[in-house]
Amino acid sequence: MITPVSSPAAFPSRRPGSVRLLWLLVALAALLLVCGLSVTIGTRDVAWSDILAGLGGETATIGQSVVAVRVPRTVLAVLAGAALGLSGAVMQGITRSPLADPGILGVNAGAALAVVIGMAWFGLASLGGYLWTAILGAAGAACLVYAIGSVGRGGATPLKLALGGAATSIAMSSFTVAIILPRNDIAGSVQSWQIGGVGGASYDAIAAMLPFLVVGFAVSLLSARNLNMLALGDEAAAGLGVPVALSRLAAAAGAVLLCGAITAICGPIGFVGLVVPHLCRLLVGVDHRWQLPFSALTGAVLLVLADVVGRIVARPGELDVGIVTAFVGAPVFIWIVRRRRIREL
Amino acid sequence: MSALDLSARVARHRRSVSRRSTRLALALLAVLLAGLALTLMLGQSLTPPLDVLRVLAGHDVPGASFTVGRLRLPRAIISILAGLSFGLGGAACQTLLRSPLASPDIIGISAGSSAAAVFAIVVLAWTGPAVSVLAVVCGLGTACLIYLLAWRGGVAGTRLILVGIGISAMLQSVIAYMLLQAPEWSLQEALRWLTGSVNGARLPDAVPLLLSLGVFGTILLAQGANLQAMQLGDDKAAALGVRLARTRLLTIVAVVGLIAVATAVVGPIAFVAFLSGPIAARIAAPGQPVLIPAALIGAALVLLGDYAGQFLLPGRYPVGVVTGALGAPYLIYLIVRMNRAGGTI
């Protein structure tokens with residue numbers, strides 16, 4: 001059964017170019033604005049002169065050092081948001097499910113489990129090692145959940161995928177706990193696998209993650225045309241000459257690479273990949289060639305904004321960005337569920 | 001064939017089904033009692049059966065009174081009662097929503113109780129019965145919220161499940177956040193609320209469990225026949241005289257009551273509610289009621305899972321980790337079986 005991502009009545013399939021361009025400019029301006037906020041707003045109030053000097057690389061006063069910490073944090077938030085937004089958009093395209101998201105589908109839980117296994121039994125301690133293991137774990141979980149979701153009548157329906165993802169997450173978390181419990185030496189690092197955050201950002205981590213992100217972005221963006229064809233249904237896409245299984249696999253590899261790499265560095269951040277593609281479909285239409293890059297851009301805006309909000313609402317402490325996105329994302333998830341007809345789920 | 005003949009055959013068939021049900025229930029009860037005997041006698045040290053019986057009869061036996069009376073007996077009783085609640089509630093929920101994946105722990109009912117319990121312990125620094133009361137109230141509140149959000153001129157099972165998954169994802173991140181904020185980070189206490197555990201079980205905790213089994217369990221068993229008729233589809237069940245809305249509401253209230261009370265005492269023991277129903281359906285003959293076998297299987301799962309976590313595995317694990325790990329192979333089994341049968345989840 002074919003479940004199109006969006007019904008024609010809800011979203012115009014094409015937007016005029018001028019509208020898209022306008023939204024693109026708005027999104028870029030929003031990204032600049034939230035990045036500015038992210039550097040200037042935080043637990044400590046910093047004077048403007050210190051902010052400017054800190055951006056210039058000075059770390060003489062406390063204020064300037066604070067800015068020096070906020071800059072990599074902002075960079076990481078931008079990259080993570082872009083990667084998660086794009087990865088969610090690709091997953092929604094592949095599964096034709098409006099509810100696909102690395103968190104909901106259990107892919108983040110798979111990445112976390114793999115890293116914990118690596119730390120406990122294989123002496124994993126390097127950034128590169130974390131990245132590879134997390135990506136392997138993410139890929140394994142993605143395959144498992146897709147297999148669970150697509151057995152039986154009707155193929156991979158959103159409902160079955162979501163249930164399979166939830167059940168897989170619970171099983172993987174149990175394994176994670178079982179591995180950590182007898183190991184006091186690694187129990188301290190479990191905390192970062194509960195909620196995702198960008199607080200501990202460093203240029204080293206960003207540099208280690210960058211090659212994976214570049215490949216992930218390239219593969220995902222290049223699959224836009226094939227995703228457009230897949231949206232017509234498997235038979236129609238095959239009739240148009242698209243290698244269905246291969247293009248689905250390639251796009252999935254790109255998405256898994258992106259969310260696995262981010263999970264390795266930031267921990268599991270849910271719901272960004274869920275919310276962003278829906279917003280983008282409203283703004284620029286369903287053409288994946290526009291929707292995918294736009295999802296990356298909007299994802300970056302959302303995640304940086306969530307990080308800033310997390311710093312403001314919980315002063316003098318801060319909320320991890322994973323909490324903020326869950327609180328923004330879960331209501332959107334429910335709104336999507338309510339808006340659809342039963343048959344489409 | 002005359003009508004009289006037919007009715008006699010139907011009556012005979014019914015009698016044979018009910019005889020088989022009784023036999024199955026008795027067999028499961030025997031397994032449960034054997035498990036109980038095992039856990040009472042065998043721990044770090046062996047207590048002879050006679051000593052166990054004398055302790056149960058109220059005599060004071062040096063050594064055994066403490067190990068059996070104070071440690072093993074409360075633990076076994078709480079395990080059995082919680083397992084009965086989880087098994088019964090889970091099977092009823094899966095029957096109502098017609099999906100083996102739609103158990104209360106996956107669709108967010110236990111998450112509400114857990115979040116409330118963690119909030120009471122970590123933020124409000126409460127202890128004892130007040131925590132349980134709050135957990136039950138919030139479990140019911142969460143279920144009401146899920147029900148209301150899924151309401152759109154009637155509640156469809158699909159929408160209920162998906163809304164539940166969304167709410168559950170949000171609550172999980174709240175739980176993780178509160179645990180990370182806890183001033184004295186205690187992994188054991190935290191794990192109780194992440195995966196469920198019967199560590200430190202006390203006999204007075206049995207009272208709320210018994211009450212909820214008495215009230216909600218009776219309601220569910222009384223609705224058993226109606227639930228079975230609803231397996232045929234809503235239209236046919238209505239034609240058979242089942243009042244759909246009433247049955248659905250009563251079942252949901254009873255399921256939530258059972259699960260919330262049990263979660264308040266032992267935490268959300270992973271997958272017991274999820275596994276019991278399908279195992280019961282597997283060993284029961286087709287058309288046989290599964291609620292009572294599912295409850296007994298739930299009790300056996302918790303009792304033996306806890307025993308395995310304490311003594312059979314290297315290291316000591318809370319029961320939720322053991323049952324959670326059991327769920328993973330079951331998911332894979334579900335895939336294999338569905339692939340072979342070509343059925344639907």
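Trainee: Where is B:Arg20 found?
Mentor: Bearing in mind that this is a predicted model, B:Arg20 is found in helix 1 of chain B, which spans residues 3-41.

Trainee: Which residues gather with B:Arg20 in a patch of positive charge?
Mentor: On the surface, B:Arg20 gathers with B:Arg9, B:Arg12, B:Arg15, B:Arg19 and B:Arg23 in that patch.

Trainee: And is B:Arg20 exposed or only partly exposed?
Mentor: B:Arg20 counts as partly exposed, because its relative accessibility is 33%.

Trainee: Switching to chain A, is A:Ser38 buried or exposed?
Mentor: A:Ser38, which sits in helix 1 (residues 17-40) of chain A, counts as buried because its relative accessibility is 1%, and the cut-off for buried is under 20%.

Trainee: What does A:Ser38 touch?
Mentor: Leaving aside residues up to four places away in sequence, A:Ser38 touches A:Arg70, A:Thr74, A:Val304, A:Val308 and A:Arg311.

Trainee: OK, what about A:Leu240, where is that one found?
Mentor: A:Leu240 is in the loop between helix 10 (234-239) and helix 11 of chain A, and it is exposed, with a relative accessible area of 52%.

Trainee: Which residues does A:Leu240 touch?
Mentor: If residues up to four places away in sequence are not counted, A:Leu240 touches A:Met229 and A:Leu232.

Trainee: And A:Leu249, buried or exposed?
Mentor: A:Leu249 lies in helix 11 (residues 244-266) of chain A, and it counts as exposed because its relative accessibility is 60%.

Trainee: How are the C-alpha atoms of A:Leu249 and A:Cys143 separated?
Mentor: Those C-alpha atoms are separated by 10.0 Å, with A:Leu249 and A:Cys143 lying 106 residues apart along the chain.

Notes: Residues numbered from 1 in each chain as written. Chains lettered and ligands numbered in written order. Predicted model: local features only at pLDDT ≥ 70, side-chain atom pairs only at ≥ 80, totals over all residues. Heavy atoms only, no water. Helix = DSSP H or I, 4+ residues; strand = E, 2+ residues; numbered from the N terminus. Buried < 20%, exposed > 50% of the residue type's maximum accessible area, 1.4 Å probe, protein only. Contact = heavy atoms within 4.5 Å. Patch = residues over 30% accessible without salt bridge, like charges linked within 9 Å, V, L, I, M, F, W, Y side chains within 5 Å. Areas by Shrake-Rupley, 256 points an atom, 1.4 Å probe, with all protein chains shown as cover. Salt bridge = Lys/Arg side-chain N within 4 Å of Asp/Glu carboxyl O. Lys, Arg positive; Asp, Glu negative; His and termini not counted. Charge placed at Lys NZ, Arg CZ, Asp CG, Glu CD.
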